[in-house]
Amino acid sequence: MRSRYCAYVLGLEAYLLESWHPETRPVGPVCDASTRWYGLKIESSEEQDESGTVCFRATFRAHGRWQTLHECSHFVKQDGHWRYHDGEADWQQLQPGRNDLCPCGSGEKFKKCCA
């Protein structure tokens with residue numbers, strides 16, 4: 001999961017498609033140049049035989065809006081490699097308070113940084 005997140009951060013289309021299970025792999029591009037990723041938090045993970053689940057929360061900015069993606073991703077082990085199969089995703093607009101730290105990681109308050 002962490003390697004796929006890093007691939008999104010770096011825009012590594014080939015890696016993302018290679019790590020996607022062939023049954024659910026999309027045809028078109030999966031990265032969007034207007035999206036900037038700022039953090040990943042793994043909330044839980046579970047492995048059972050040849051399948052696994054990873055639940056995470058990622059913070060990103062797309063088209064000038066701060067958002068979070070909460071997803072429980074399902075992985076399948078194929079030829080000794082874990083492949084992303086599918087997931088239940090929930091995207092929400094991130095609404096930091098004026099006195100919260102900025103999600104960009106600057107250490108500044110949101111109202112003095114990216115607000």
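Predicted model: local features only at pLDDT ≥ 70, side-chain atom pairs only at ≥ 80, totals over all residues.
**A buried glutamate without a salt bridge**

Glu71 is buried, yet it has no salt bridge. The nearest side chain of opposite charge belongs to Arg4, and it is 7.1 Å away. A salt bridge requires a side-chain nitrogen of Lys or Arg within 4 Å of a carboxyl oxygen, so Arg4 does not qualify as a partner.

Glu71 does have a polar partner. Its side chain makes a polar contact with the side chain of Tyr84, at 2.8 Å.

Glu71 belongs to strand S3, which covers residues 65-78. S3 pairs with S4 in the antiparallel sense, over 12 bridges. Within this pairing, Thr68 stands opposite Gln92 of S4. The two strands form a hairpin, with two residues between them. Asp79 lies in the turn and has a positive phi of about 55 degrees. In a regular strand, side chains alternate between the two faces of the sheet.

Salt bridges do occur elsewhere. The structure holds two of them. One is formed by Glu18 and Arg83, whose closest N and O atoms are 3.6 Å apart. Glu18 lies in helix H2 (residues 13-18) and Arg83 in strand S4 (residues 81-93), so this pair ties together parts that are 65 residues apart in sequence. Glu18 counts as partly exposed because its relative accessibility is 48%. Arg83 counts as buried, because its relative accessibility is 11%.

Glu43 and Arg57 form a salt bridge as well, with their closest N and O atoms 3.2 Å apart. This pair also links distant parts of the chain: Glu43 is in strand S1 (residues 35-48), Arg57 is in strand S2 (residues 51-62), and they are 14 residues apart. Glu43 has a relative accessibility of 37% and therefore counts as partly exposed. Arg57 is partly exposed too, with a relative accessible area of 36%.

Glu71 thus stands apart from these pairs: it is buried and has no salt bridge. Its side chain instead makes the polar contact with Tyr84.

Key
Residues numbered from 1 in each chain as written. Heavy atoms only, no water. Helix = DSSP H or I, 4+ residues; strand = E, 2+ residues; numbered from the N terminus. Buried < 20%, exposed > 50% of the residue type's maximum accessible area, 1.4 Å probe, protein only. Lys, Arg positive; Asp, Glu negative; His and termini not counted. Polar contact = N/O pair within 3.5 Å; in protein donor to acceptor, adjacent residues only side chain to side chain. Pairing = 2+ DSSP bridges.
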